[in-house]
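Please read the following briefing alongside the sequence and the coordinates. It moves from the overall architecture to confidence, and then to selected helices and residues.

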Amino acid sequence: MSTPVEITWLLAAVTKGDAVAFERLYGATCAKLYGVVLRILRRHDLAADVMEEAYLQIWREAGEFDPAHSTPLAWMVAIARRLAIDMARGPQPAAGDSEPEIIDEDEGPGSVPRHQLTDDLKRLLTCIGRLEPDRQRMLLLAYYGAFSREQLAGKLDMPVDLLRASLRRSLLEIEQCLKS
Amino acid sequence: MSELDYTDALAAEYVLGTLDLEERTQARTLLDADQAFAANVELWERRFGELYLMVEPVEPEAKIWARIKAKMLEVQEKSRLPEAEIPPPASAAATTAEPPSLDAIEAAISQAATTLTSEASSAAGTEATPTPTSEAMQTPAAEAAPAPTSEASPTPASEAIPPPAPEATSAPISEVAPTLDPTPAPTSAAEPISAVEPTPGTPVVPPPAAAAVQAPSEARVPAVEPAAVLVAHRQMRRWRAIALLMTLVVAAVAVLLAAWRFAPDRVPPMLQPVELMRQMGVALPTASPPRRPAPPGSQFDE
């Protein structure tokens, strides 16, 4: 995995239309983005579409990356996530509901190696960890799976209204925790 | 206080991904129209931004890159025309494979979160202050960016110019000139060239690795584009070389001066002031010896 510095360099070269740098950028980041996108869409065909769209957007908009606001990879992931969630909410082509969710019990997200834990992530996880366990689960499920409130309510077996209130309270607590 | 206001909640949930289609469309409209909302979304994206680190990477199929590559040149040619519609998925061949299960994810995540919490809260006091790891790289590069460049040209320049100046003016002209003449002069001509020569050789296209290796501290300046950085590097190296050279010249002059003053007998004959002046073609006042025997009645002592 390339370092943030290398990825920033590649991104800078991409703003100048450097196709070679773009290929290297893709090679350095695609597995991470694909992991994120696939977890949301749970279908390889849809995930592939989103990957294509996301990287084309990155190719066009590399100049808009602002290192003062985020890391390059976080910026790229944000683009891919937006597109993936849009795709997940929109009318899905073909197989839709009939295609089973891809499930493999053996694979989960590894915990992050300690050296990869950034300060921001530590702080965020600390704040999430202060929530009640149910709400921790709800929040992380929401982020990684990008489920709608209705889907979440179904998964967590609670009324949608209650879930909405709980979700917003959690977000507020996290906001306050991160501000402090 | 106990409630997020509506737009704040909308921004947060937009980032989190829990909005339904209708709300999401609304949020996207707001994103384009309302800068405050866009800033809010960006803030939440930053807050949750690093959670992706906990996602297990999954290697995509190679054909995805082929598709991107084909399209991307198109994009380049059209140069920022509205983005083309994506064609329907070429093949639904990849049906079932091995992406992670959500239950496994939940389990692992909550586990990670809780273990981290305990770790983090135990380290909460110290955590905030120094973290001398690779994470430091992720701190905003913007502040770091100006430093090398602003430091680059002024310092060597101020090093290069002033030191020779006082020495040169205070020293007699005949003393400065000789040192430039015999030995240091050739190097002063040769060295800048050899210092500059390697720079054109450095590759212009793949800067990341090279730059990261040759200057780890300066490589943390990702904000600037590579070409500009390369130019700055080159200029900085040239200035450094010149500054170093001038320092050497000054040091040589100083040593020679000191030798003349404090240990004139140990200066090799070649470097004796008189000898040097002769080499320079300065007409020595050979008339002085005859002047030596001053008339006995003279009122001036030597």
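What percentage of the contacts in chain B with a separation of 6 or more is accounted for by residues 24 or more positions apart? In this predicted model, such residues account for 58% of those contacts in chain B, a contact being defined by heavy atoms within 4.5 Å. Residues are numbered from 1 along each chain as its sequence is written, and chains are lettered from A and ligands numbered from 1 in the order in which they are written. Local features need pLDDT of at least 70 and side-chain atom pairs count only at pLDDT 80 or more, whereas totals for chains, interfaces and linings use all residues, and side-chain values use heavy atoms, with hydrogens and water left out.

**Overall architecture**

- Chain A has 8 helices and 0 strands, where helices (H or I, at least four residues) and strands (E, at least two) are DSSP runs numbered from the N terminus.
- For chain B the secondary structure amounts to 16 helices and 0 strands.
- Of the 180 residues in chain A, 62% count as buried, while in chain B the share is 30% of 302 residues; buried means under 20% relative accessible area, exposed over 50%, and partly exposed in between (1.4 Å probe, protein chains only).
- In chain A, 65% of the contacts between residues at least 6 apart in sequence join residues at least 24 apart.

**Confidence**

- The model scores ipTM 0.89 and pTM 0.54.
- Chain B has a mean pLDDT of 64, with 42% of its residues reaching 70 or more; pLDDT is the predictor's confidence in each residue, from 0 to 100.
- Over residues 81–100 of chain B the pLDDT stays under 50, and the model has 36 contacts beyond four places in sequence for this stretch.
- The pLDDT is also below 50 over residues 120–224 of chain B, a stretch with 103 contacts in the model beyond near neighbours in sequence.
- Where pLDDT is low, the predicted coordinates should not be read in detail.

**Helices H1 and H2 of chain A**

- The axes of H1 (residues 4–15) and H2 (residues 19–41) of chain A come within 8 Å and cross at roughly 145 degrees, the axes being lines fitted to C-alpha atoms, for helices over the stretch in contact, and the angles running from 0 to 180 degrees between N-to-C directions.
- Residues of H1(A) including A:Ile7, A:Leu10 and A:Val14 meet residues of H2(A), among them A:Phe22, A:Arg24 and A:Leu25.
- A:Arg24, found in helix H2 of chain A, counts as partly exposed because its relative accessibility is 38%.
- The C-alpha atoms of A:Arg24 and A:Leu10 are separated by 7.4 Å, although these residues lie 14 residues apart along the chain.

**Helices H1 and H2 of chain B**

- Helix H1 (residues 6–16) of chain B is mostly covered, with 9 of its 11 residues buried, among them B:Asp8, B:Leu10, B:Glu13 and B:Tyr14.
- The cover over the buried residues of H1(B) includes helices H4 (72–89), H6 (133–145), H7 (149–156) and H8 (160–179) of chain A, together with H2 and H3 (35–48) of chain B.
- B:Gly17 follows H1(B) and has a positive phi, near 100 degrees.
- B:Glu23 lies in helix H2 (residues 21–33) of chain B and counts as buried because its relative accessibility is 14%.
- Not counting residues up to four places away in sequence, B:Glu23 touches A:Arg149, A:Arg164 and B:Leu10.
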